[in-house]
Amino acid sequence: MPRPARRHPPTHAEGRPMKITFGEMRGMGLSGVLVNCHCGHHIALDAGRWPDAMRLCDLEPLFVCQGCGHRGADVRPDFGRGDHRLAILERKRGSTEAH
């Protein structure tokens, strides 16, 4: 039996994957994003300032880390926004695994 064709997500010209739009994100009931630098600095932001048609990946090259000065960041939907217990559990679990 033939395998189903794999779906490959769309990519930018330089190969970076295209992420969902802010409108798609809001359609899932999400209202914030997490912006992460490769050095570990991060911030949670309200996504209300960006238009529905804009993709999260379109913002990535615009961020400059205030800690290390690196231009570019990873922008993802904030699935835990509003549930601070979830965020604390994730950090705690991550720090436990690192030891």
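The legends below describe close-up views of a predicted model.

Residues are numbered from 1 along each chain as its sequence is written, and side-chain values rest on heavy atoms, with hydrogens and water left out. Because the model is predicted, local features need pLDDT of at least 70 and side-chain atom pairs count only at pLDDT 80 or more, whereas totals for chains, interfaces and linings use all residues.

**View 1. Secondary structure of the protein chain.** The protein chain has three helices and three strands, arranged along the sequence as α-β-β-α-β-α. Helices (H or I, at least four residues) and strands (E, at least two) are DSSP runs numbered from the N terminus. Of contacts (heavy atoms within 4.5 Å) between residues at least 6 apart in sequence, 58% join residues at least 24 apart.

View 2. Met25 lies in helix H1 (residues 22-27). Its relative accessibility is 0%, so Met25 counts as buried; buried means under 20% relative accessible area, exposed over 50% and partly exposed in between (1.4 Å probe, protein chains only). Beyond its neighbours within four places in sequence, Met25 touches residues including Ile20, Val33, Ala47, Leu56 and Pro77. The C-alpha atoms of Met25 and Asp52, 27 residues apart along the chain, are separated by 8.6 Å.

**View 3. The largest nonpolar core.** A nonpolar core is a set of buried Ala, Val, Leu, Ile, Met, Phe, Trp, Tyr and Cys residues joined through side-chain atoms within 4.5 Å. The largest has 12 residues, among them Phe22, Met25, Val35, Trp50 and Val75. H1, S1 and helix H2 (56-59) each supply at least two residues of this core.

**View 4. The second largest pocket.** This pocket has a volume of about 150 Å³, the volume being the space filled by probe spheres set on grid points joined across faces, edges and corners. Of its 13 lining residues, Val35, Ile43, Val64, Cys65 and Gln66 are closest to the centre. On a 1 Å grid over the protein atoms alone, a pocket is an open set of points where a 1.4 Å probe fits, with protein on both sides within 12 Å along at least five of seven lines; lining residues have an atom within 4 Å of a point. Strands S1 (32-36) and S2 (42-46) each supply at least two lining residues.

**View 5. Confidence along the chain.** Mean pLDDT (the predictor's confidence in each residue, from 0 to 100) is 77 for the protein chain, and 63% of its residues reach 70 or more. Over residues 86-99, pLDDT stays under 50.
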